[in-house]
Amino acid sequence: MEQHDWPAEYAELTAADQRAPLPPAELERLAVAAFVLGHDDEVAAYRERAVEAHLADGDTAGAIRSGFWLGFHLQQRGDLSRAAGWQARITRLVPEGNAELAGRLAMAQAALTMNSGDAATALPLFEESQRWADEPDTIVLAALGRGNCLAMLGRGTEALLALDEAMVHVTSGQVGPEVTGMAYCAVIALCLHMYDIRRAQEWTRALTGWCDSQPGLVPYRGACLVHRAQILQLRGAWTEAADAAEDACRRLSAGTVGSAWYRLAEVERQRGNLDAAERGYQLAAGDGMDVQPGLARLRAAQGRFDVAIAGLDRALAEDSFSPNRPLLLAARVDLAIECDDRETARKAAAELNEFARAESPYLQALAAHAEGAVRIACGDPQGAIPPLRRAWTLWQRLEMPYEGARTQLLVADACRQLGDTDAEQMELRGARAVFERLGADGDLTMPDPPVDPFDGTGLTPREREVLWWLATGATNRAIANQLFLSERTVARHVSNIFGKLRVSNRAGATAWAFNHALTRKSWARVSRMGRNDQLPPA
């Protein structure tokens with residue numbers, strides 16, 4: 001596309017329009033300049049005037065073309081009722097037998113049908129439009145419409161091919177800025193939907209380069225801002241991601257702004273700003289957005305594991321085919337491990353591994369990370385290291401530093417359990433350096449690896465089990481039944497516990513347990529340090 005000094009062109013045309021009403025061709029140029037500079041409210045007014053000016057000049061074909069682009073703009077803004085009204089008006093203007101103008105209106109109708117949710121009906125209309133479209137802008141619009149319909153119908157691979165076809169024309173520089181911006185946004189959105197993160201990042205870089213070549217261009221609008229915020233977040237540019245998400249929150253209207261609030265909440269949660277994240281999730285939910293798994297991770301950071309698990313389980317049960325399911329499963333693995341629910345962690349990791357069969361490095365990294373975490377939780381630190389190394393390598397290739405640092409923490413845990421303290425410290429230093437660079441305050445303030453509360457007591461593994469049950473208030477008989485021991489043996493263990501802890505009775509032993517945070521959760525953490533202690537059953 002030919003480069004323009006958009007601010008100068010806008011200023012020149014608006015000044016001329018104030019002196020005398022512009023002719024329709026100049027009004028079209030002014031509408032494009034207004035769009036480029038982000039003056040969206042002016043675009044429709046200029047195009048409406050262009051339609052009327054064409055009709056006054058007796059140029060029906062020009063009026064139809066102007067009306068077509070007016071409807072296109074209104075649809076992009078979500079004003080479907082006004083778009084439908086203009087569609088009806090210009091349809092009456094089409095001369096009988098004019099295939100080009102009729103085809104243009106058919107494409108506008110296809111877009112209205114698609115935006116109303118009926119992709120199956122719209123798809124053949126877009127395919128028909130591709131056969132008559134002969135201008136770069138309309139060729140791209142038809143290909144974009146076809147690609148979006150295919151994506152809505154679950155035919156993702158075909159959709160990407162259709163969008164690739166559209167981008168061939170876009171990158172040639174022959175397509176106008178309105179269509180170019182929409183094309184970039186559409187292909188980035190589809191890549192994110194299909195977890196093709198690398199491709200989404202590449203197109204985002206291309207979009208940034210195009211924007212930089214157009215002085216004054218304001219390309220990121222609405223949903224496109226949300227996609228850009230997500231890419232920036234994944235790449236660790238959290239300040240820029242938050243700015244883009246906040247801009248989207250200002251631009252989007254009720255019913256569509258939920259995704260922007262959710263993205264902002266995700267950034268704030270990773271930064272450790274839990275109150276700001278809470279507000280973002282609440283606003284997203286108020287706009288009809290399902291805020292899982294982000295809200296569950298926030299609740300876990302707040303220590304509210306029961307609420308976090310309930311939210312995730314509800315979301316997982318609600319829609320087995322949700323495109324969000326891999327992220328839900330990854331969060332479920334983390335929470336199950338945190339609560340020592342190894343069976344649930346195994347099942348969630350196994351299902352996540354099924355998604356990793358797709359040709360998506362992101363999903364493969366997510367599954368490998370989960371497998372490594374489960375292996376550590378199940379006492380297999382040696383077996384955990386290969387999948388964790390694989391996950392870290394994939395995160396690096398995807399330029400996703402935060403996820404890479406989280407994987408390093410697991411590698412450090414595995415190395416510690418294997419007695420390789422040098423490797424443990426190197427992994428921890430690497431992870432901390434990334435967290436500091438990103439400003440991941442929540443991760444930087446995480447407690448140090450748990451200290452075994454039994455260190456120095458001399459308690460045997462069996463005595464530790466007895467102490468846990470004793471602290472719950474169980475009698476010697478109840479403990480004997482649970483551990484399949486005789487009451488005499490339990491009494492001997494209890495006596496040994498009193499002596500080793502230097503307490504004189506059950507109350508003293510119970511107080512010691514509570515003072516040392518000997519809860520089921522802390523016991524589970526200790527058991528994951530590589531020792532052979534077993535968590536007593538519930």
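Tutor: Contact here means heavy atoms within 4.5 Å. This is a predicted model, where local features need pLDDT of at least 70, side-chain atom pairs count only at pLDDT 80 or more, and totals for chains, interfaces and linings use all residues. Residues are numbered from 1 along each chain as its sequence is written, and side-chain values use heavy atoms, with hydrogens and water left out.

Student: OK, so which residues is Glu 463 in contact with, leaving aside its neighbours within four places in sequence?

Tutor: Those are Gly 458, His 493, Asn 496, Ile 497 and Lys 500. Glu 463 itself sits in helix 25, residues 461-471 (helices are DSSP runs of H or I with at least four residues, strands are runs of E with at least two, both numbered from the N terminus).

Student: And is Glu 463 buried or exposed?

Tutor: Buried, because its relative accessible area is 3%. The cut-offs are under 20% for buried, over 50% for exposed and partly exposed in between, with a 1.4 Å probe and protein chains only.

Student: What about Glu 240, where does that one lie?

Tutor: In helix 13, residues 238-251. Glu 240 has a relative accessible area of 43%, so it counts as partly exposed. Its C-alpha is 7.4 Å from that of Ala 229, eleven residues away along the chain.

Student: Which helix gives the largest share of the lining?

Tutor: Helix 4, with five residues. Helices 4 (60-76), 5 (80-91) and 6 (99-115) each supply at least two. Phe 68, Gln 75, Ile 90 and Leu 112 are among the lining residues.

Student: How many of the lining residues are nonpolar, polar or charged?

Tutor: Six nonpolar, four polar and no charged. Ala, Val, Leu, Ile, Met, Phe, Trp, Tyr, Cys and Pro count as nonpolar, Asp, Glu, Lys and Arg as charged, and the others, Gly among them, as polar.

Student: Zooming out, how many helices and strands does the chain have?

Tutor: It comes to 29 helices and zero strands. The C-alpha trace spans about 105 × 40 × 35 Å along its principal axes, and 52% of the 538 residues count as buried.

Terms used
1 Å grid on protein atoms, 1.4 Å probe; cavity = no way out; pocket = protein on both sides within 12 Å on 5 of 7 lines; lining within 4 Å.
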